[in-house]
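Me: I have a model open on my screen and would like to walk through it with you. Could we take it piece by piece?

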Amino acid sequence: MHTTLISPDELARALAAPAQNTLLVLDCGFELTDPQAGRRHYDAGHIPDAVYVHLEDTLSGPKTGANGRHPLPDLGGFARAMAALGVGSQTQVIAYDNAGGMYAARLWWLLRAIGHDAVAVLDGGVSAWRAAGHPLTTDAPAVRQPGSLAVRDGRRPTLDYPQLRQALASNARLVLDARAPDRYRGENETLDAVGGHIPGARNRYFRDNLDAAGRFLPPAALRQAFQAHLGDRAAGQVVCQCGSGVTACHNLLAMEIAGLTGAALYPGSWSEWSAQPGAPVATGADA
């Protein structure tokens, strides 16, 4: 069972194995500035038998105007959507994208949140798959029978806005912001109405989890990098956030790879925080 990452060669062998029907590959490609681009890229060529899932249709819930740009979906509804695609309790799910795992990690987190442990991200995504000499196809995936998938306690904690305000007031939590350093500083903000970051948050840009080839750094390197932010805090005191709760999951995956488990997600992230009346805002470099 793969629970964090899988290499392109490992995935190719799994797809060729006789028990392929217990494996489901999901293409999570997306672009924030062009929400239909992921589907177009999928249609132009995808990993054989991969099924496309859309960030805003399947991996997000309804927006209210105050709960962020990509609120979490109802977990029961998400489980039913996954079951409709063929995910059952014994299915190994592999998620990939075209963006260093930033969207695939959201699917990884959601499945772990409903208690489905057999989910991993394709390390390096579709670029690594092609670089390893494996083919893409434009063929439609095989029709699968619906699975049976119940929501179990996945022990993936979350905090909402009031809970995070209270935790920060008591210094009970350390916030890690996964956005690019310029957006963290409050510069070049193009996605949210207000620039800046949550006061006291530390900046851990999610792309720093990757090497030059777009693959995750080794566990020891990731652990050292995150430990530099954590200091003497336990991983369970960490809250990961980003712009809308998507790339924060990349940091949560990286922490899992590093053996630092138990961190929470702030699903609304900066897009929710900055929309709250009276929410404090900080700007400038990491403290």
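This is a predicted model: local features need pLDDT of at least 70, side-chain atom pairs count only at pLDDT 80 or more; totals for chains, interfaces and linings use all residues.

Me: Where is the place of Ser269?

Reply: Residues are numbered from 1 along each chain as its sequence is written, and side-chain values use heavy atoms, with hydrogens and water left out. Helices (H or I, at least four residues) and strands (E, at least two) are DSSP runs, numbered from the N terminus. By that numbering, Ser269 sits in helix 10 (residues 269–273).

Me: What is the phi of Ser269, about?

Reply: Most residues other than glycine have a negative phi. Ser269 is not a glycine, yet its phi is positive, at about 50°.

Me: Is Asn188, with its positive phi, buried or exposed?

Reply: Asn188 is in the loop between helix 7 (181–185) and strand 7 (202–203), and its phi is near 55°. Buried means under 20% relative accessible area, exposed over 50%, and partly exposed in between (1.4 Å probe, protein chains only). Because its relative accessibility is 57%, Asn188 counts as exposed.

Me: How many disulfides does the structure hold?

Reply: A disulfide here is a pair of cysteine sulfur atoms within 2.5 Å. Cys28 is in none, as its nearest cysteine sulfur, that of Cys249, is 11 Å away. The sulfur of Cys249 is itself 7.1 Å from the closest one, in Cys242, which is too far for a bond. The number of disulfides is zero.

Me: Which residues does Ala104 touch, leaving out those up to four places away in sequence?

Reply: Ala104 is in helix 4 (residues 104–113) and counts as buried, at 0% relative accessibility. Contact means heavy atoms within 4.5 Å. On that basis, Ala104 touches Cys28, Ala95, Tyr96, Asp97 and Val121.

Me: In what order do the five strands of the open sheet stand?

Reply: Two strands pair if DSSP finds at least two bridges between them. Strand 1 (5–6) and strand 5 (residues 119–122) are joined by two bridges and run parallel, with Leu5 opposite Val121. Strand 1 and strand 3 each have a single partner strand, so they stand at the edges. The pairing in the sheet is parallel and the order is 1-5-4-2-3.

Me: Why do the buried residues of helix 2 line one face of the helix?

Reply: The buried residues of helix 2 (residues 37–44) are Ala37, Gly38 and Tyr42. Their cover includes strand 2 (23–27) and strand 3 (51–52). The arc is taken over the directions from the helix axis to the C-beta atoms. Seen down the axis of helix 2, the buried residues line one face because they fall within an arc of 140°.

Me: Which residues touch the most other members of the largest nonpolar core?

Reply: A nonpolar core is a set of buried Ala, Val, Leu, Ile, Met, Phe, Trp, Tyr and Cys residues joined through side-chain atoms within 4.5 Å. The largest one has 55 residues, and helix 4 gives the largest share, eight residues. A second, separate core of 16 residues includes Tyr42, Ala50, Leu122 and Val126. In the largest core, the residues that touch the most other members are Met82, Leu107 and Leu111.
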